[in-house]
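My notes follow the structure.

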Amino acid sequence: MNPEKLLNELNEVQRQAVVHTEGPLMIIAGAGSGKTRVLTYRIAWLMLHNIDPFNILALTFTNKAAREMKERIAQVVGASEAKNLWMGTFHSIFARLLRVDGHLLGYPSNFTIYDTDDSEKLIAQIVKERNLDKDIYKPKKILNRISNLKNNLIIPQYYDRFPELFEYDEAAKIPEFKNVYSAYVERCFKAGAMDFDDILLKTNELLGTFPEILAKYQDRFRYILVDEYQDTNHSQYIIVKALANKFENICVVGDDAQSIYAFRGANIRNILSFQKDYPDCKIFKLEQNYRSTQNIVKAANSLIAKNRDQLKKEVWTANEPGEKITIYKALDEAEEAQYIAERIMEWHLSRQMDFSNFAILYRTNAQSRALEEVLRRKNIPYRIFGGTSFYQRKEVKDMLAYLRLAVNPNDEEALRRVINYPARGIGQTTLDKLTILADRYNTTLWSICENALLYSRDLGSAIAQKVSDFATMIKGFGVMAKKESAWDVAEHIFKTSGLLRALKEDSTEEGISRLGNVQELLNSIKAFNDKQLELEADNDISLDYFLQEIALLTSADQDDKTDPNRVSLMTLHLAKGLEFPVVFIPGMEEELFPSAMMMNSRADLEEERRLFYVGITRAKKKLYLTFTHMRTRYGRTADCEPSRFLEEIDDEYTELIVPGIRTTGPTFLGGVPNLDGLGISRPYKSNFISSKQTLPPNFPPGIRPLQPSETPAQKLNSPSEPPPQGEFTTDAHPGDRVYHQKFGYGKVLSVEGTGVNKKASVAFDQVGEKKLLLQYAKLIKVTS
């Protein structure tokens with residue numbers, strides 16, 4: 001392609017960023033500003049100007065992003081040349097380096113990459129062996145601490161240099177943490193395994209320990225590009241800075257306003273300090289948003305302006321003004337979910353929009369329960385992102401453990417997982433004996449297994465023979481793995497290991513599903529084989545390479561092959577990089593969003609505000625923000641205060657809906673009239689408060705109520721008496737005049753019971769006597 005033709009598809013600032021190829025460059029890319037196109041075209045521009053793709057390193061945060069960018073580049077420069085780019089995630093690229101040079105650190109080239117489950121099981125094993133309290137030394141908590149330390153390059157040998165670390169451990173009641181950390185590192189090394197954090201840590205160690213290796217990669221990577229630079233951690237920052245030190249042709253792309261992963265170790269200082277690291281760097285700001293309407297863009301700007309720590313920019317759009325952001329106050333999480341589902345059905349039916357155009361983004365996973373219940377009831381198809389990954393299912397992990405052992409028999413966690421699955425008479429007692437022997441002789445568990453007959457006195461001759469037979473089977477798999485394709489090896493292992501037989505014996509629905517999942521894994525291996533051979537005849541189709549590929553998958557990389565026409569439900573953190581025509585963000589309440597855990601410092605609060613900014617800017621056409629008067633959390637119902645973030649959006653971009661109380665009509669045996677079965681959404685217009693009504697308590701200033709025109713139907717259904725103002729009460733006495741949302745006005749006749757079992761008999765004006773649990777009745781006291 002003609003290089004100039006490439007530039008015709010870009011705006012002026014994008015063009016400048018693409019053609020500025022030499023020296024340090026920072027591209028500040030506002031939400032929806034086309035940063036992926038700029039990054040892609042910049043790489044293509046380099047290649048079209050005779051820069052060898054082998055000298056270009058492009059680092060992304062998901063394999064999916066790298067794959068899509070490489071496909072776009074291939075369309076410009078040709079598939080053959082695009083294949084030569086070093087493009088992928090930090091972990092995939094540096095794992096590739098370590099497989100070449102990791103032997104200098106004592107690792108085999110076929111090292112295993114432990115996932116979180118593997119690591120947590122190993123920690124649990126260490127805690128058990130050291131007789132520590134498993135309720136205090138919780139594997140997840142210990143692993144998180146290890147991860148944070150590794151990302152800050154603090155290894156066990158350096159622990160003694162930081163007295164404050166010991167102070168933290170004492171305060172957290174984990175004084176043995178350092179010893180657990182040391183044992184974890186040692187066991188991983190013996191097993192020829194690295195966890196995700198090790199990939200970065202060991203790359204740092206490799207480049208820092210061997211100057212000739214650093215020099216080799218500095219010469220190779222003469223042009224370095226880093227996507228989502230605001231999400232890099234300290235370890236990634238150090239690696240990139242070292243690699244770019246010789247030529248300084250480094251281009252980073254990011255948006256400080258979208259830095260939301262501090263809990264994973266991301267350091268916003270990396271992007272904020274780029275100019276200090278490279279004083280002569282060039283800066284381009286991509287400020288034109290191509291995604292969202294003017295109202296959404298301006299609302300997001302008004303919010304993020306409240307952050308002090310930021311790189312100033314003014315995002316704008318030439319798109320239509322669009323609808324205002326709707327802010328809706330619900331009574332509780334059930335009504336909130338009902339409102340969201342009804343709006344989805346309204347858009348779906350009135351505008352023929354597919355369900356895939358809608359996303360519900362929440363702060364915590366726990367919020368999905370109420371939403372799922374209503375969506376299921378209304379037959380609205382949905383998908384939850386961040387649920388159990390396909391590769392985390394037990395039967396899939398069992399099969400993968402066999403495949404891992406075929407490549408690396410020292411993989412201790414894989415060995416423990418399948419040594420007695422399917423059952424072969426090697427129980428936990430035997431495994432404990434094997435572990436003791438490995439510790440006694442300072443060797444690996446595998447070494448004991450393959451020499452089990454030498455330890456017949458310790459194990460018993462019958463057990464030693466069983467362990468030896470298992471080891472012989474694994475060695476046979478290993479021989480085959482070195483010669484045959486991943487597909488051939490996997491198929492053979494599935495049949496001969498006993499897995500196929502064990503799964504077929506379970507004829508329950510769950511058993512059939514488990515067998516289907518393993519067959520789907522085999523299908524993916526076959527597809528991997530075919531794809532590799534389709535791309536190039538001599539491509540790597542080994543089991544080792546397949547395992548490398550899936551070990552580095554992130555949740556964003558895993559394709560869901562089921563019906564794509566579904567509403568997307570996910571946390572705001574998972575929504576990063578995605579976009580949807582219509583977005584709902586429920587739970588806009590203090591201590592939920594912003595989280596109660598993130599209100600102790602300005603840095604934390606600003607991160608929460610950036611997270612909200614990310615949520616707002618996922619919406620293309622319409623955004624709904626909802627909050628509740630009360631919400632049940634941790635089994636307790638409590639009043640809610642609207643989120644401060646609602647106040648921070650300029651009110652000219654929002655409209656407020658606060659439903660009134662619907663009047664009670666005739667009472668049917670089936671309860672309230674039901675439109676759900678007809679697939680018709682219930683209009684909420686009759687519930688909007690009028691301009692003459694006062695706003696409910698706890699409502700943020702600066703947000704205007706919506707004032708819809710009243711229809712004849714609304715007048716017909718308007719209540720004869722207006723609903724009272726006031727808080728819900730559980731303190732009722734005989735003679736009190738009260739109001740109930742569904743039953744209207746009534747008089748308390750009697751009260752019985754105490755605490756959560758306290759009940760009131762109420763004679764309602766229109767529906768007669770009802771007995772209500774006061775904790776849940778949500779009565780408003782009118783008189784006493």
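**Ground rules.** I am working from a predicted model, where local features need pLDDT of at least 70, side-chain atom pairs count only at pLDDT 80 or more, and totals for chains, interfaces and linings use all residues. Residues are numbered from 1 along each chain as its sequence is written, and side-chain values use heavy atoms, with hydrogens and water left out.

**Whole protein.** I noted 32 helices and 23 strands. Helices (H or I, at least four residues) and strands (E, at least two) are DSSP runs, numbered from the N terminus. Of the 784 residues, 52% are buried, meaning under 20% relative accessible area with a 1.4 Å probe, protein chains only. The accessible surface is about 36,200 Å² (Shrake-Rupley method, 1.4 Å probe). Carbon and sulfur atoms hold 50% of that surface.

**Cavities.** I looked for cavities, sets of points on a 1 Å grid over the protein atoms alone where a 1.4 Å probe fits but cannot get out. Volume is the space filled by probe spheres set on the points, which are joined across faces, edges and corners. I got two cavities of 30 Å³ or more.

**Largest cavity.** Its volume is about 50 Å³. Lining residues have an atom within 4 Å of a point. Here they are Asp117, Asp118, Lys121, Lys397, Ala401, Arg404, Glu413, Ala414 and Arg417. I sorted them by type: seven charged, two nonpolar and no polar. Ala counts as nonpolar, and Asp, Glu, Lys and Arg count as charged. Helix 7 (116–129), helix 19 (394–407) and helix 20 (412–418) each give at least two lining residues. Where does the largest cavity lie? It lies between domain 2 (113–191) and domain 4 (390–551), because both give residues to its lining. Domain bounds come from an automatic or database domain assignment.

**Second largest cavity.** I read about 40 Å³ for this one. Its lining is Arg187, Lys190, Ala191, Asn410, Glu412, Leu415, Thr444, Leu445 and Trp446. Domain 2 and domain 4 each provide at least three.

**Helix 18.** In this helix (residues 368–377) I found Ser368, Ala370, Leu371, Glu372, Val374 and Leu375 buried. Their cover includes helix 17 (333–350), strand 10 (358–362), strand 11 (382–384) and strand 12 (567–571). Just after helix 18, Asn379 has a positive phi of about 60°.

Terms used
On a 1 Å grid over the protein atoms alone, a cavity is a set of points where a 1.4 Å probe fits but cannot get out, and a pocket is an open set with protein on both sides within 12 Å along at least five of seven lines; lining residues have an atom within 4 Å of a point. Buried means under 20% relative accessible area, exposed over 50%, partly exposed in between (1.4 Å probe, protein chains only). Contact means heavy atoms within 4.5 Å.
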